Amino acid sequence: MRFSTQTLLLQLGVVLLVVLLSGAVHAWLVYGRIGDEAENQALTLARTVAADPDIRTNVQEISKEEGTPPAGVLAVGPLQAAAEAVRVRTGALFVVITDETGLRLAHPDLARLGERVSTDPSVALAGKEITTRNTGTLGPSAGAKVPVYSPDTAGTIVGEVSVGYSMESLSNSLGRDILPIALTAGGALLAGVLASFLLRRRLQRLTLGLEPEEISTLVHDQVAVLQGVDDGVIGIAADGRISVFNAAASRLLDLPDATGQDWATADVPEQLKQLTQPAARDAEPVEIVAGGRVLVASARKAWHRKEDLGWVVMLRDRTELQQLTRQLDAVGTMSTALRAQRHEFANQLHTIAGFMSIGQHDSAKEYLARISATGPLKFPVEQAELLQDAYLQAFIGAKGVEASERGVTLRVGPETLVRGHVADPQDVTTVLGNLIDNAVSAAVAGSAAERWVEVELLDDPAADGGTLHLVVGDSGDGLGNLDPEEVFAEGFTTSAQPVRSGAGQGLGLALVRQLARRRGGDVRVLDHGSEGGPGAVFMATIPGVMDAEGPTGSTEREDLSG
């Protein structure tokens, strides 16, 4: 049996039990009220009869006589006539009058006249009024007993009056009142049944028709899946409330758990909210920068049968992949440059061999001296000898080869002074590579006749665990009327197409700024530049990426450039 059916039957049982108990209590209270009213009515009638002067006089006269008159005399006496008249007029079961000893002087059953009453008259004969519910010779009744006082002597009791109403008449009165009770109980039962059916339907709708065991299994599976994956998952219910915000989403967005918050006002990137707009149902995944990471975000509408369950937003981290791609690109560029210069190196060896074979030893020595002065390999980077760090030499040299292929000259500024060693190549590669790539693209797109990019580097190994300052300028046409902060917005780009296949658009500057700021540094625009050149100048400060000494403890330059 399904859980919803069990719940329905249980509710119906409870409603039926409550209605029956309520009806029984109501009937019992009504029965008690009717009995109380009958007792009060009997008491009032008994007082009225006991206070009648003729009855008091007749009872006193009989009490003064020796013995009790015969039943035949009492049957035709004034007391019997008066009592019967009252009984018939009020509908009472009985109106009984006794003398001071409890012998009947008036009774509906003439055969009972002169006999002692069947119920104890001592309380009334003692001068007290009493209401009773008991069973006498005429059956069960609710009545009252009242003393009859002498009309001549105050306080002298000469008899008592007992009046009773039949319990059967009370039951008949209850029968007349039971219809409203039954109708009320039936209405309550019907309302309870209807409410139970409505509650059952709502329960089925809320649980999507699932049983408790299935719901429990789903909860365990959801926790295992959502907390066990590296992808961020955000669930937005149909009412706009965030229902799921797993640990990976919190880590990737660098935000606390937002479960229960309203999606429209939650502190999440606006690009994510735009993905869940009705018009964006079939939108392609987008790249955003959040929490210092490059994320690929996608949103899908969730349905169960025809019921709208809301949205599911997926977040995937591409930061490490993008950084690795940039590093591999630099390595690939440098490898290409080395392969291109391998022929030059081979030609140099052939030249030396030729000098030696013809005996021109002095010429060979001079040629070797020139090679030693310029280095065996020459990157197309002007003033590269100002760099003391081998990593910077190699990386900027590779960038120089790439820039040269695009018709741009890359040079190191004269104020460059790097005495330490790069301790965190990954972040340096990300920041410096993005700035150089953007500058090269700007130089290519610029209107200046001479295309160039200039890089100046200055380190401070003693500050903030080793800070590296980067300044990159170009010969482009500058930023024009653009706000300096606008170029750091996610999605901003001036490139018609990425420099490398698969590279993101509009994320580089936003990413490097967040990366630098996360370390306590910054990336900003120093100069807008001007039309016709020179172009814009960017400055980056990256704390904690330099060591005071190289890997071997020496500050001597390992010369990889000419």
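Student: Which strand contributes the largest share of the lining of the largest cavity?

Tutor: A strand is a DSSP run of E with at least two residues, a helix one of H or I with at least four, numbered from the N terminus. A cavity is a set of points on a 1 Å grid over the protein atoms alone where a 1.4 Å probe fits but cannot get out, and lining residues have an atom within 4 Å of a point. Here β4 gives the largest share, five residues. The model is predicted, with local features requiring pLDDT of at least 70 and side-chain atom pairs 80 or more, while totals for chains, interfaces and linings use all residues. Residues are numbered from 1 along each chain as its sequence is written, and side-chain values use heavy atoms, without hydrogens or water.

Student: What else characterises the lining of the largest cavity?

Tutor: It comprises 20 residues, with Phe94, Ser118, Thr119, Lys145 and Ser162 nearest the centre. At least two lining residues come from each of β1 (94-99), β3 (130-136), β4 (139-149) and β5 (157-166).

Student: Which strands form the edges of the open sheet of six strands?

Tutor: Strands pair if DSSP finds at least two bridges between them. The order is β11-β12-β14-β15-β17-β16, with mixed pairing. The edges are β11 (381-382) and β16 (522-527), each pairing on one side only. Within the sheet, β14 (residues 452-460) and β15 (residues 467-474) pair in the antiparallel sense over eight bridges, and Val455 stands opposite Val472 in β15.

Note on methods:
1 Å grid on protein atoms, 1.4 Å probe; cavity = no way out; pocket = protein on both sides within 12 Å on 5 of 7 lines; lining within 4 Å.
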